[in-house]
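Hi everyone, thanks for coming. Let me put the structure up on the screen, and then we can walk through it together.

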Amino acid sequence: MTKLFYSIRAKLFIWLAALVLTLLAGLGFMLHHEIENILLGSADRLLHSKIQIIKGLIHEEHGGIELELSEVVSGDYSVPRSGHYYKVIMDGQIIAYSPSLVDQDFNLDAPKNIEAQKGNPELVYTSQGPDGEPVRVERNAFMLLDHHFIVFAAESISEDLAIQGTFRTFLLLALPLCILLLCGGGLLIIRDSLKPLATFSSKIAGVTHKTMTASINTTTEALELRCMADSFNKMLARLRKAFEAEQRLIADASHELKTPVAVIRSQCDVTLQRERGQDEYREALLSIRETSKGMMQIINNMISLARLDSGLLEPPEITEVSVTTCLETVLQLIAPIAAECEVTIEKSCEEGLTIQGDEPRLTEAFLAVIENAVKYSRRGGHVSVVAKESAGRVIIMAQDYGSGIAAGHLERIFERFYRGDAAKEIEGSGLGLSIAKTIIEAQGGEIRVKSKPGEGTLVSIILQCHTSL
């Protein structure tokens with residue numbers, strides 16, 4: 001039963017049934033009320049005209065009151081209990097009544113529930129006739145020659161009420177039938193309208209990691225589903241790209257780890273072929289140590305990337321980070337590598353630059369960028385590191401003057417394990433810039449690269465400046 005309320009079809013049907021029921025019930029009530037008003041209005045207009053005729057027959061003659069009712073005592077008014085009645089009262093005494101009343105004392109006066117309205121000169125109400133039939137009565141009071149007259153006229157409304165009853169019976173039979181037909185038709189329309197959604201769902205259910213390249217043709221889908229299909233195709237493209245990147249990462253990691261493992265194994269096999277001296281064993285172990293050190297760097301970088309991708313390295317609390325302090329730490333760490341490469345680092349940093357972020361992660365990103373600049377700079381050359389504020393942002397730039405990067409390789413330098421032809425001659429894993437980009441983007445910043453072959457490379461890190469209030 002609970003699942004019913006989560007069904008679009010059930011919700012649409014319930015809303016449709018409620019709407020149809022409300023509209024038809026309201027329409028039926030309005031029509032019934034309108035028919036009643038029409039029938040009673042017709043009877044009231046007839047009574048009013050007859051009252052005016054009777055009043056016109058009461059006039060003064062020779063200083064007295066003369067009633068010329070001979071014109072209205074014939075026809076229906078002469079037939080007992082015909083349903084057509086009148087009565088004239090002067091100063092509280094009945095002076096004339098229709099023979100159809102049979103008994104002049106028969107009361108046509110207003111019922112008790114409208115007694116308070118008797119002060120009105122003209123009243124119209126429903127009462128009961130001499131034969132027990134429902135009658136519509138008009139009571140008209142007026143003054144003539146200091147005499148108080150009350151004229152009653154009544155007409156049977158039995159036929160009107162019968163017509164109203166027939167119409168009510170028709171409504172009671174027709175409305176449920178209309179509701180059933182409309183709801184049944186609505187259910188068929190809802191089912192047919194939701195078929196494209198079921199078809200679309202089956203297409204999505206058929207997508208697997210082997211069929212991710214096949215997108216949904218939006219032109220064949222219903223107009224309302226095209227936007228959803230387009231969004232699904234975009235999501236599928238992102239997943240496909242991520243899946244391909246993961247496959248490429250595994251393949252590249254396997255390739256990168258395969259070489260040092262082969263080196264270690266080969267070194268061990270060669271060393272164990274015969275008995276060797278202490279110095280040879282020591283040299284073999286040192287070689288294995290250096291190779292395993294590179295493997296460890298690759299493994300650590302891969303672990304860092306995996307944690308960054310999963311969000312495990314996001315800081316629990318953003319803190320204020322001094323860019324100067326962060327860069328000084330990085331330059332201290334990079335100093336041995338710079339000395340080995342015979343590269344001089346020139347630093348220019350504005351005072352008081354602060355950003356909001358995770359200091360250890362930012363230090364790691366700055367280190368990866370500046371270490372790359374040092375490694376790919378010319379031996380004996382220099383690297384320029386600049387930190388400044390511009391338009392509310394902090395920009396950290398690392399410029400090397402090495403061989404530069406060709407345009408075909410520039411757009412791929414942030415790919416994991418990607419290394420250009422020149423980079424393959426330099427020790428590294430191809431993960432540093434990828435890690436740096438992931439960290440900077442996680443901190444809400446961006447990283448840009450400009451390079452010209454033979455002139456060097458400029459890497460810019462752009463972060464939001466923190467202003468203390």
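Helices (H or I, at least four residues) and strands (E, at least two) are DSSP runs, numbered from the N terminus. Please keep in mind that this is a predicted model, where local features need pLDDT of at least 70, side-chain atom pairs count only at pLDDT 80 or more, and totals for chains, interfaces and linings use all residues. Residues are numbered from 1 along each chain as its sequence is written, and side-chain values use heavy atoms, leaving out hydrogens and water.

With that, β5 pairs with β6 (residues 134-144) in the antiparallel sense, over seven bridges. Across that pairing, Leu-123 stands opposite Arg-139 in β6.

Now the whole sheet: it is open, has five strands in the order β4-β3-β7-β6-β5, and pairs antiparallel. Which strands stand at the edges? Those are β4 (93-97) and β5 (122-128); each has a single partner strand, so one side of each is left without a neighbour in the sheet.

Zooming out, the protein has nine helices and 14 strands. Buried residues, meaning those under 20% relative accessible area with a 1.4 Å probe and protein chains only (exposed is over 50%, partly exposed in between), make up 35% of the 469 residues.

Terms used: Pairing = 2+ DSSP bridges.
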